[in-house]
Amino acid sequence: MRILSGIQPSGALHLGNYFGMMQPAIDLQQQGEAFYFIADYHSMTSLFDAAQRRKNTLDVALDFLACGLDPQKSVFFRQSDVPEVCELSWLLTTLTPMGLLERAHSYKDKVAKGLSPNHGLFAYPVLMAADILIYDSNVVPVGRDQKQHVEMTRDIAIKFNETYGQTFVLPEPQIRESVAVVPGIDGQKMSKSYGNTIEIFGEEKPTRKKIMGIVMDSRTPAEPKPDADKNLAIQLIKLVEPQATAAAIEERLRAGGMGYGDLKKQLFESYWNHFADARKKRAELAANLDYVNQVLAEGAARARTLARTVLQRARKNCGLE
Ligand code: ADP
Ligand code: TRP
């Protein structure tokens, strides 16, 4: 089984990215041959600062390795180190109906938010299809917001296979339902573009301040809170504490006698401790960038070998060779 996923270097990674995509991807390393990449080409659709892209790309590499991506088990690389995906993207784009792209939620959401779309943003799902298909991927671990993109990949692959003969493996999205949508500090989906994130490796003081600033209702500490399970801090604590510990905190809130200030302090402590080991590992990696760059270079070489084989199969089948 081949597993593949990617993440854009479009800003600091957060708990939504971690629990929705990175942790499931890291767990899957044991179950098959995993390919994970930093989607720097995709970040070009919305980030127009070269130095920032370079920095974010390195940060994503550090974050992923610190969180447990094991380069002995997984192929870890930068998307643009395999430029073959751009050629495959062209082959696929000629079979992609405009209507399919016009129905993409992520595109529609961005336009609705006032972003003035470039052609790259519109064609984003086609490049993503190329990413997935060029490695003959079977399983794609992602958060729920990416499900439609994987379904579009299947549609495009089916169309290609029907038109030019069997060429591509059909991938399946894999979504961990319990963390399909991690809420941000405002209760909406946590997202880099909504300014509501808790970063995985945020600095201590600003992150504490952010968490203490979460707005809650006006009930006094003494009041029982029968709806404790709906509380945002409780939902986040459930992600970073063992089940029994989180259940005990939820029970204290439910019973009354626990105020929101204490609850938020608890959330900060739980979050901070949860990532303590990864934070230490990240600092070690940051002091050894030669190693990180070597991991990415080796990953790129392995990914490229496979990508070339699949691209050649596609080129042949559609009459370019
Ligand atoms: P963002 O919305 O912050 O820009 P990305 O689109 O870069 O995040 O997403 C990277 C990965 O993280 C994707 O697989 C996406 O589904 C997942 N993801 C992002 N936000 C969340 C969230 N709030 N809950 C669950 N998964 C998420
Ligand atoms: N679109 C994904 C996101 O924003 C990133 C991505 C690019 C991706 N190519 C991919 C994810 C291929 C999975 C497979 O999160």
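Predicted model: local features only at pLDDT ≥ 70, side-chain atom pairs only at ≥ 80, totals over all residues.
## Where the ligand sits

Ligand 1 sits in the largest pocket. The shell around ligand 1 holds 18 residues. His14, Asp145, Val182, Ser191 and Lys192 are the closest of these.

Helix H1, residues 15-28, gives the largest share of this shell, with 4 residues. Sorted by class, the shell has 8 nonpolar, 7 polar and 3 charged residues.

## Polar contacts of the ligand

Which residue has a polar side-chain atom 2.3 Å from an oxygen atom of ligand 1? That residue is Asp145. Lys192 uses its backbone: a polar atom there lies 2.7 Å from an oxygen atom of ligand 1. Gly16 also takes part through a polar backbone atom, 3.3 Å from a nitrogen atom of ligand 1.

How much of the ligand does the protein bury? On its own, ligand 1 exposes 540 Å². The protein buries 92% of that area.

## The cavity

Rolling a probe the size of a water molecule over the atoms shows where empty space is left. In this structure, 1 cavity reaches 30 Å³ or more. The volume of the largest cavity is about 30 Å³.

Its lining is made up of Ser106, Tyr107, Lys110, Leu121, Tyr124, Pro125 and His149. Two elements each give two or more residues to this lining: helix H6 (105-112) and helix H7 (119-133). By class, the lining of the largest cavity counts 4 nonpolar, 2 polar and 1 charged residues.

Note on methods
Residues numbered from 1 in each chain as written. Chains lettered and ligands numbered in written order. Heavy atoms only, no water. Near = heavy atom within 4 Å. Polar contact = N/O pair within 3.5 Å; in protein donor to acceptor, adjacent residues only side chain to side chain. Areas by Shrake-Rupley, 256 points an atom, 1.4 Å probe, with all protein chains shown as cover. 1 Å grid on protein atoms, 1.4 Å probe; cavity = no way out; pocket = protein on both sides within 12 Å on 5 of 7 lines; lining within 4 Å. Sits in = over half its atoms within 2 Å of the grid points. Nonpolar A, V, L, I, M, F, W, Y, C, P; charged D, E, K, R; others polar. Points joined across faces, edges and corners; volume = space filled by probe spheres on them.
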